Amino acid sequence: MGERRGHGPGRWRSAGSALLRVITVWAVSTLTLLALAGLLPDFRLQSADGDSVTRTALTAAWGAGAFGLLGALVWPLIVRALLLVPALVLGLLVFFLNGSLLLVALWLIPDGRGAAAPETAVVVAAVMSAVASATSTALAVRDDEAYRRRLYRLADRTRPRIARTDGAEPVPGTVFLQLDGVGHQVLKDAVADGRMPTLAGWLATTHTLTSWRTDWSSQTGASQLGILHGSNEDVPAFRWYEKDTGRLMVSNRPASAVELQRRAVERTGDGGLLTFDGASRGNLFSGGADQLALVLTAAARRGRRNRSRAGYFAYFSDPANAVRTAGSFVAEVVREMVQSLRARLRRASPRVSRGGLYPFVRAFATVVERDVVVAAVIGDMLAGRTAVYADLVAYDEVAHHSGPRGRDTDQVLARLDRAVALVAKVAEHAPRPYRIVLLSDHGQSPGETFESAYGLTLRDLVRVGCGLPVPRRVRRTRWGHLRAESGGGSEARDAARDALRSALHRPVDEEGEEGAEAARAAAVAAARAPEPLVLASGNLGLVSFPGVPHRMTREEIDRLHPALLRTLAHHPGIGFLLVASEEHGSVVLARDGLEVPVAELTDGDDGPLAGFGPGAAEAVRRTDGFPHVADIMVNSMYDPETGTVHAFEEQIGSHGGLGGEQSRAFLLRPRELPAPPAGLVGAEQVHQVLRGWLRESAGPQVPLEISPSTRDAEAFLPVEEPVARDKNG
């Protein structure tokens with residue numbers, strides 16, 4: 001008779017191999033502890049009177065064993081208790097908590113032979129965890145089964161979920177890795193220059209690279225909502241004001257993200273791209289997935305039911321992971337400070353402020369978020385999940401402050417390539433084959449900020465055009481700046497100066513008494529009017545008048561603020577405006593008095609969108625039809641020769657509007673997947689392509705009830721308790 005399941009020679013060999021690895025790790029840890037006791041003055045493993053070598057070795061073995069047991073048994077409980085602690089704080093606490101465990105382990109040594117100063121304990125614990133992790137990994141890599149089991153443990157998974165069809169081989173799963181903000185051309189250049197060797201190898205053998213064009217709102221909120229949920233209708237920008245609800249919507253606020261997802265689900269009647277056995281990792285939206293980690297819509301839920309933080313526990317429950325990530329976090333903070341100092345010493349231009357909390361924000365995006373998301377994706381593959389969508393935000397965060405191209409972002413791209421290589425390596429151990437698709441949600445366009453280039457913000461310029469008070473610096477510096485520039489013969493800057501003079505109600509003698517009276521009446525009307533709300537989304541600005549319940553027309557704005565539209569349209573830093581019109585429906589305004597009805601808008605060289613690239617006119621037309629489009633949509637200038645724009649916020653690498661590489665994202669697919677249609681435009685079309693690939697692999701998705709009610713739609717969101725509204729919601 002055959003041997004009973006689980007009692008064969010293979011099982012005993014496996015158990016023996018595991019025991020041998022435990023003993024080896026214990027021995028290496030003991031030697032590490034002895035070495036550190038010899039090197040560090042405030043760390044001892046002997047009694048005050050001294051001990052023999054054998055006694056000291058036994059003390060080290062006891063301490064190493066106690067520390068290992070505490071790490072295995074107590075550390076996960078500590079991490080779970082700290083799930084509500086902000087991630088940035090948790091990253092810094094890791095060292096001190098690990099050091100505390102070492103102090104407890106030394107206290108457990110009989111006769112009080114182990115002792116260390118608190119600061120020394122932190123160093124010893126970090127080194128011990130790193131050495132134990134490296135030793136365990138090195139031993140496991142030599143044994144595929146052991147390596148697979150270690151990956152399962154690190155990813156907090158125990159049983160693979162294998163999908164088979166009629167006894168055949170498992171159908172392929174699909175992993176979508178979004179490299180946030182990496183434009184099509186940036187990726188091509190990085191591959192060509194050797195900064196991303198993994199992707200270079202794929203392109204040479206297994207994958208194909210194509211580009212796709214974003215919507216006017218070229219930012220993660222609009223793109224990812226369209227990609228994951230099939231609709232980004234009525235998302236005019238990253239942030240916008242809704243007159244009917246009086247709500248300021250910001251794409252990366254939990255309450256706003258939940259509302260956007262609810263609307264998309266209601267509009268499409270479908271839960272999203274990931275409703276069928278899917279996982280969402282590091283995204284703004286869930287995509288209908290049940291498995292979530294670092295997902296913003298889940299962060300709106302209060303209490304322990306918040307599954308977004310589960311990814312932290314799965315990753316940080318291993319103390320070696322915690323120490324490695326915390327160490328990398330500190331190193332990244334130092335790296336950012338050095339790079340920022342170097343940029344200041346070189347007087348790099350353009351440049352923005354990189355002080356305050358930014359080094360820590362960057363470290364979270366480039367280290368903590370990357371490590372947790374990659375570990376979650378690894379766990380999903382080892383669990384055999386059908387579809388996984390993960391967002392790696394490192395490049396986008398760094399490019400905003402360092403620029404889309406340069407040494408800083410080159411290093412980030414190289415690290416992203418290594419993360420992709422790790423995911424591909426682990427896929428070899430998964431219980432099913434996986435197709436790995438890379439894509440981005442938008443690119444980035446470089447350029448000096450609007451304020452740096454012209455001495456005032458977009459809000460300042462709007463207030464000038466409305467005749468409202470502005471900071472003294474604007475009146476002082478801006479006029480001299482304009483006069484100096486216009487002295488060089490720039491007609492555009494002359495026009496901007498004249499528009500500003502008019503906006504500030506400078507007296508004009510030739511108007512006479514009748515003109516002066518009209519100016520006074522306009523000034524009185526402007527003083528009584530509600531102040532405009534000015535919002536920035538990269539190089540896209542939105543101007544709304546909250547006191548007017550409907551979308552204002554050009555004629556209404558001209559009656560209320562006669563100089564505003566001319567001030568904006570004639571400014572050299574402004575590319576074009578979109579505004580409603582009683583006569584033409586909606587019009588696009590630009591410099592030199594250029595005015596074209598939206599219905600007649602083209603991408604031609606003689607129109608206001610000249611140079612903004614193919615598809616610009618259609619993108620503007622689509623946004624013009626949104627219910628919550630702003631009273632005035634303002635797109636910055638774009639220089640086709642340099643590829644630069646002017647962001648209306650503090651970013652020298654920006655996205656959110658039209659102009660340059662920000663509108664060209666990429667899609668990198670395995671060659672066995674069907675090619676997307678030529679000229680792929682908009683995130684909604686990308687959603688259809690990705691859904692088609694999933695349907696081909698795993699059958700049709702499970703749709704939701706068509707046009708569910710608001711309450712029913714909310715039931716499909718990952719929010720099981722009342723939504724926590726943001727301060728503006």
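Predicted model: local features only at pLDDT ≥ 70, side-chain atom pairs only at ≥ 80, totals over all residues.
Trainee: Let's start with salt bridges. How many does a search of the whole structure find?
Mentor: The search finds 34 salt bridges. One of them joins the side chains of R622 and E233, at 3.8 Å from N to O.

Trainee: Where do R622 and E233 sit in the chain?
Mentor: R622 is in helix α24 (residues 616-624), and E233 is in the loop between α9 (220-229) and β5. They are 389 residues apart, and the pair links distant parts of the chain.

Trainee: And is R622 buried, exposed or partly exposed?
Mentor: R622 counts as partly exposed because its relative accessibility is 25%, and buried would mean under 20%. E233 is partly exposed too, with a relative accessible area of 30%.

Trainee: Which residue forms a salt bridge with K243?
Mentor: That's D631, and the closest N and O atoms are 2.8 Å apart.

Trainee: You mentioned β5 and β6. In what sense do those strands pair?
Mentor: β5 (residues 239-242) and β6 pair in the antiparallel sense, over four bridges. One detail: Y241 has L248 in β6 as its bridge partner.

Trainee: What's between the two strands?
Mentor: Four residues, and the two strands form a hairpin. In the turn, G246 has a positive phi of about 70 degrees.

Trainee: Are the faces of β6 covered or open?
Mentor: Both faces of β6 (residues 247-250) are covered. R247 and M249 are buried on one side, and L248 and V250 are buried on the other.

Trainee: Why does R415 count as buried?
Mentor: Because its relative accessible area is 15%, and the cut-off for buried is under 20%. E332 is buried as well, at 1%.

Trainee: New topic: aromatics. How many aromatic pairs are there in the whole structure?
Mentor: Seven aromatic pairs turn up in the search. Take F176 and Y389: their ring centres are 6.0 Å apart and their planes are at 35 degrees, so the pair is tilted. F176 is in strand β3 (residues 173-179) and Y389 in strand β9 (residues 387-392), 213 residues apart. F176 is buried, with a relative accessible area of 0%, and Y389 is buried at 0%.

Trainee: What about F576 and F612, how are they arranged?
Mentor: Edge-to-face, with 5.2 Å centre to centre and 90 degrees between the planes. F576 lies in strand β14 (residues 574-581) and F612 in the loop between β16 (595-597) and α24, so the pair ties together parts that are 36 residues apart in sequence.

Trainee: Last one, the surface. Which residues make the nonpolar patch?
Mentor: W62, V104, W107 and L108 make a nonpolar surface patch of about 460 Å². L108 is in the loop between α4 (87-107) and β2 (115-116), and L108 counts as partly exposed because its relative accessibility is 38%.

Key. Residues numbered from 1 in each chain as written. Heavy atoms only, no water. Patch = residues over 30% accessible without salt bridge, like charges linked within 9 Å, V, L, I, M, F, W, Y side chains within 5 Å. Areas by Shrake-Rupley, 256 points an atom, 1.4 Å probe, with all protein chains shown as cover. Salt bridge = Lys/Arg side-chain N within 4 Å of Asp/Glu carboxyl O. Buried < 20%, exposed > 50% of the residue type's maximum accessible area, 1.4 Å probe, protein only. Pairing = 2+ DSSP bridges. Phe/Tyr/Trp six-rings, centres within 6.5 Å; stacked < 30°, edge-to-face > 60°.
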